[in-house]
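Subject: The structure for you to look through

Hello,

Here is the structure I promised to hand over.

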Amino acid sequence: MQPEPAQPKPVALALQGGGMHGAFTWGVLDRLLEDGRLAIEGVSATSAGAMNATVLAYGLLQGGSDGARLALHDFWEAIAHSAQRYNPFRWLPWFKSSHTLGLNHSPMYAMADIALRLLSPYQFNPNNLNPLRDVLGSQVDFAALREHCPIRLYLCATNIETSRIRIFPPEELSIDAVLASACVPTLFQAVSIDGQHYWDGGYVGNPAIFPLIYHCQTHDVVIVHINPIVRHGVPTTAADILNRVNEVSFNSSLMREMRAIAFVTSLIQQGKLDGTEMKEVWIHSIRSDQTMAALGVSTKYNADWNFLCSLRDKGRAEASRWLEQHYDSVGRRSSIDISGEFL
């Protein structure tokens, strides 16, 4: 007789934001779903991660793992088509080729970067048009997801006036909640929900780990990084300096949570805390700093389909390596040295 297949191991996912670099996370999710040995209990996500997480949840609701893989593919394809439709410079050959150059070499990016330092979205986009709203509305039935979300889903946004993190749980999912989590303040007007105003969640939680600790039964949290923690060399151009400032600030909240997790884990392992009252958390990390650090800053806005697919393929490859090297750690221990990696 054939042995019974092993039950999938439950995990929680923490998905970072980072513009179109979120296609890397798409690839990671696609590979984990294809593999089938992990059961996703919950997801905490920010910005592009929030979009991936929302589409993932809706796809799972519609058709399980295969439905989620299809939903993610269709969402990112819709993003690429939308970018082409709304891009008034798409017919200029130097604009298209500048995407593949990587970037700070793009004339359009340089022009837009200057403009965004002089004009706010309230000035250059007074009607508050956001193509992402149409894409999300066409891809996700938010009423169905609020009623029957198949996973514990938590989206992070930043309350502008209080500087506090806002966590949107499954019952509060909406297009506005996703857009709030992804609201880059230099590109979009603040998102208003119930009289409160929000910017991108990356400023205070990219992503937040604590909802997964509080609300999920699993001890295992798999972080999918798209903001490089390590970037060798000192940036010297204005664009590179601002990009690194953004990366450091968007990683800072995660680093603080890792410090707290490491501290509590140490106390539990030393017997100074009761492990039945304080849950030990096992951290896993899927990332490729080398891949992300090689990308220029303007690629965060590059929605070219071929570029998105190349990032997806890199995410799939990184997830495959992680499964091969660290799957056995899931359910037993952290697969990274938290102190060495984050502290």
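A word on terms first: helices (H or I, at least four residues) and strands (E, at least two) are DSSP runs, numbered from the N terminus. This is a predicted model, in which local features need pLDDT of at least 70 and side-chain atom pairs count only at pLDDT 80 or more, while totals for chains, interfaces and linings use all residues. Residues are numbered from 1 along each chain as its sequence is written, and side-chain values use heavy atoms, with hydrogens and water left out.

**The overall picture**

The protein has 13 helices and eight strands. Of its 343 residues, 51% count as buried; buried means under 20% relative accessible area, exposed means over 50%, and partly exposed is in between (1.4 Å probe, protein chains only). Accessible areas come from the Shrake-Rupley method with a 1.4 Å probe, and for residues only the protein chains shown count as cover. Among contacts (heavy atoms within 4.5 Å) between residues at least 6 apart in sequence, 77% join residues at least 24 apart.

Arg312 and Thr25 are 287 residues apart in sequence, yet their C-alpha atoms are 7.1 Å apart in space. Leaving aside residues up to four places away in sequence, Arg312 touches Ala23, Trp26, Gly27 and His73.

Side chains of opposite charge can pair when their charged atoms come close. The structure holds 15 salt bridges. In one of them, the side chains of Arg316 and Asp30 meet, at 2.5 Å from N to O. This pair links distant parts of the chain, with Arg316 in helix 12 (residues 305-326) and Asp30 in helix 1 (residues 22-35), 286 residues apart. Asp30 counts as buried because its relative accessibility is 8%.

Arg31 has 17% relative accessibility, so Arg31 counts as buried, whereas Glu34, at 38%, counts as partly exposed.

Glu34 has another partner: the side chains of Arg69 and Glu34 meet in a salt bridge of 3.5 Å, N to O. That pair again links distant parts of the chain, Arg69 being in helix 2 (residues 48-86) and Glu34 in helix 1, 35 residues apart. With 23% relative accessibility, Arg69 counts as partly exposed. Through shared partners, salt bridges join Asp30, Arg31, Glu34, Arg69 and Arg316 into one network.

Ile114, Leu118, Leu119 and Phe124 form a nonpolar patch on the surface, with about 400 Å² of accessible area together. Patches are made of residues with over 30% relative accessible area and no salt bridge: like charges are joined within 9 Å, and nonpolar side chains (Val, Leu, Ile, Met, Phe, Trp, Tyr) within 5 Å. Leu118 belongs to helix 4 (residues 107-118) and, at 66% relative accessibility, counts as exposed.

In helix 6 (residues 131-139), Leu132, Val135 and Leu136 are buried. Seen down the axis of helix 6, its buried residues fall within an arc of 95°, so they line one face of the helix. That arc is the one spanned by the directions from the helix axis to the C-beta atoms.

**Backbone points to check**

Most residues other than glycine have a negative phi, and most peptide bonds are trans. These places are worth a look:

- Asn128 is not a glycine, but has a positive phi of about 55°. Asn128 sits in the loop between helix 5 (121-124) and helix 6.
- Ser163, also not a glycine, has a positive phi of about 65°. Ser163 is in the loop between strand 3 (152-159) and strand 4 (165-168), and is exposed at 55% relative accessibility.
- Asn206 and Pro207 are joined by a cis peptide bond, with omega about -10°. Pro207 lies in the loop between strand 6 (196-200) and helix 9 (210-215).

Best wishes

How values were computed: A salt bridge is a side-chain nitrogen of Lys or Arg within 4 Å of a carboxyl oxygen of Asp or Glu.
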